[in-house]
Every structure is written in C-alpha cells, then in structure tokens.
Amino acid sequence: EQLDLDDGRWEDIHVVTGALKLFLRELPEPLVPFSHFDKFIAAIKIQDPAMRGRCIRDLVLSLPPAHHDTMKVLFRHLCRVIEHKEENRMSVQSVAIVFGPTLLRPASEESNMAMHMVFQNQVVEHILNHYGYIFPD
C-alpha cells in the first residue's frame, strides 16, 4: 500500500514505531529465526567480551539472507535514532527494551519469559553497540 508519510496521521512517531513493531511481531518467524534464538541467548551469556562479540557476529552472518539484510537495514536505522538520543530520549538501552522481545522470541512462550527478556534486550543492545563490527560495509 502506498502511504503518504506527510499525512497528519503519521505525525506522532509512536504511531510509526508501533506500526513497525506490529509488522515485525506479526511476521510468521521473527527477524531472528526461532532456530537461532537459543544460540543468540547462549552467545550473549559468554563472559569473554571478544569471544561473545565474534560469536554474535558469526550468528548474524549465519542468518538467512532476507533476515540478515533486513536486520542490517533496521539496525542501521536504529543506530541513527540513537544518535539523536538527546532529543528523542532513545538510548541504546531504551531501543533494546523496545525492540528486543519483538526481534528475538522463542518458538513457544515458557515459564522463564522474564529471564529471556533480559537476554533478548542484551542481544539487541550488543548488536547496536557493535553495528560496524557486525555489519562492515
């Protein structure tokens, strides 16, 4: 559908962000496929920062091309949002909290959902903080 983003309905950034999150949440499979969820959670738990960074980068590289390419564009945009955190109050942590559970989710909701959410946010935060390393141009 063609949208006129200059239309007054889109002035509230929360409407646009909500639409993006809804689109991502309603995908049949999340941006991080179900098959990769446990691998990303295990990777973010690695204590050695260098090893954790390599592992997450390799996991991102192992994503199917459509997932990888979409992630690259989305995270590039989110990094630009973070560059304006003084005006929009969206720090890396804030963006990770907003998008973590939408981009990474387990195939089935289980009892440790709250614990997973912490790690989901940490994965998104890590990718944002290391965007240039994970997605070299």
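Mentor: The largest pocket has a volume of about 440 Å³. The model is a predicted one, and the values given here are computed from it. Fifteen residues, written as 15 in the count, line this pocket, and those closest to its centre are I13, H14, T17, V81 and M90. Helix 1, which spans residues 13-25, supplies at least two residues of the lining, as do helix 4 and helix 6, the latter covering 92-103. Of the contributors, helix 1 gives the most, with six residues. In terms of class, the lining of the largest pocket comprises nine nonpolar residues, five polar residues and one charged residue.

The residues that line the second largest pocket are L3, L5, W10, V16 and A19. By class, this lining has five nonpolar residues, with no polar and no charged ones. The lining of the largest pocket, by contrast, includes five polar residues and one charged residue beside its nine nonpolar ones.

The protein contains eight helices and zero strands, and the pattern read along the sequence is α-α-α-α-α-α-α-α. Taken along the principal axes, the C-alpha atoms fill a box of roughly 45 × 30 × 30 Å. The radius of gyration of the protein is 15 Å, which agrees with the value near 14 Å that a compact globule of 137 residues would have. Of these 137 residues, 36% count as buried.

Helix 4, one of the suppliers of the pocket lining, also takes part in a side-chain contact. K72 forms a salt bridge with D137, and the closest N and O atoms are 3.5 Å apart. This pair links distant parts of the chain, since K72 lies in helix 4 (residues 65-83) and D137 in the segment after helix 8 (131-134), 65 residues apart. D137 has a relative accessibility of 86% and therefore counts as exposed, the threshold being over 50%. The count of salt bridges comes to two. The other joins the side chains of R57 and D58, at 3.4 Å from N to O. R57 counts as partly exposed because its relative accessibility is 21%, and D58 is likewise partly exposed, at 42%.

A search of the whole structure finds one aromatic pair. Its members are Y131 and F135, whose rings lie 5.1 Å apart from centre to centre with 35 degrees between the planes, a tilted arrangement.

How values were computed: Residues numbered from 1 in each chain as written. Predicted model: local features only at pLDDT ≥ 70, side-chain atom pairs only at ≥ 80, totals over all residues. Heavy atoms only, no water. Phe/Tyr/Trp six-rings, centres within 6.5 Å; stacked < 30°, edge-to-face > 60°. Salt bridge = Lys/Arg side-chain N within 4 Å of Asp/Glu carboxyl O. Buried < 20%, exposed > 50% of the residue type's maximum accessible area, 1.4 Å probe, protein only. Helix = DSSP H or I, 4+ residues; strand = E, 2+ residues; numbered from the N terminus. 1 Å grid on protein atoms, 1.4 Å probe; cavity = no way out; pocket = protein on both sides within 12 Å on 5 of 7 lines; lining within 4 Å. Points joined across faces, edges and corners; volume = space filled by probe spheres on them. Nonpolar A, V, L, I, M, F, W, Y, C, P; charged D, E, K, R; others polar. Rg over C-alpha atoms; globule rule 2.2 N^0.38 Å.
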